[in-house]
Amino acid sequence: MITVNKGPLALKFCDLIGLARKNGCKFRFEGTVGGAMPIINLCHENLVGEHIRSIRGIFNGTCNYILSKMDKGQPYEQALKEAQQLGYAETDPTNDVEGYDTAAKVTILANSVFHKNVTVNDVKITGISKITAEAVAQAASHNMVIRLIGEVSETKLEVSPRLIPVGHPLSISGTLNIAQIEADLAGPVTITGRGAGKIETASAILSDLIAILDERRGHA
């Protein structure tokens, strides 16, 4: 089974994993976090021999687009309206701008990579709707930008606007997603990619499908 639906996994992850195991079903969900950006399978497969200490990143392109426009002097409402006109934001943008979408993805990472048993209700969430032009300008005066960062570790499960130094990987602009995985041996592993879109989501589904087929051949 392959899914890109975040909601069920953000609320009933362990139940769904248990049900899949009970029925001998392969269950993969790469596309639920970061779209075409290969974070879940990267952690489970390429970094399988490492201890992952934390993952933090930008997991919502809509918020990042808005904040990037605010960096250039646009007020929040104007940047949001532009994001809606371009199709980046929904007519009701609450899920994105209040941090709930990012929180769902952080929950999935916490359960999948850190083997926790949490739901989206366990995430400390602060969105971007109350960020002012003055706050952005103040950050810029210190050579910083404001970005909505999702972070998960053994002790933290949080989504909040953070001050990021200009030039840091997490200061990325536009609609791309980015994640920084802190591992004991590799150190910071940074990946970026398109986090939404039909073709991008399809690529994640295809990677999961090929992985399941390869595993079946290996057991044949």
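Does Phe13 count as buried or exposed, and at what relative accessibility? At 7% relative accessibility, Phe13 counts as buried (under 20% relative accessible area; exposed is over 50%, partly exposed in between; 1.4 Å probe, protein chains only).

## Model and conventions

This is a predicted model, in which local features need pLDDT of at least 70 and side-chain atom pairs count only at pLDDT 80 or more, while totals for chains, interfaces and linings use all residues. Residues are numbered from 1 along each chain as its sequence is written, and side-chain values use heavy atoms, leaving out hydrogens and water.

## Aromatic pairs

Three aromatic pairs occur in the structure (ring centres within 6.5 Å). In one of them, Phe13 and Phe29 have ring centres 5.5 Å apart and planes at 85 degrees. That pair is therefore edge-to-face (planes over 60 degrees apart; under 30 is stacked, the rest tilted). Phe13 sits in helix α1, and Phe29 in the loop between α1 and α2 (40–46), 16 residues apart. Helices here are DSSP runs of H or I, at least four residues, numbered from the N terminus.

Phe29 is also buried, at 7% relative accessibility. Ring pairs join Phe13, Phe27 and Phe29 into a cluster.

## Helix α1 against α6

The axes of α1 (residues 6–22) and α6 (residues 100–113) come within 9 Å. They cross at roughly 55 degrees.

The contact residues divide into five nonpolar, three polar and three charged.

Methods. Axes fitted to C-alpha atoms, helices over the stretch in contact; angles between N-to-C directions. Helix = DSSP H or I, 4+ residues; strand = E, 2+ residues; numbered from the N terminus. Nonpolar A, V, L, I, M, F, W, Y, C, P; charged D, E, K, R; others polar. Phe/Tyr/Trp six-rings, centres within 6.5 Å; stacked < 30°, edge-to-face > 60°.
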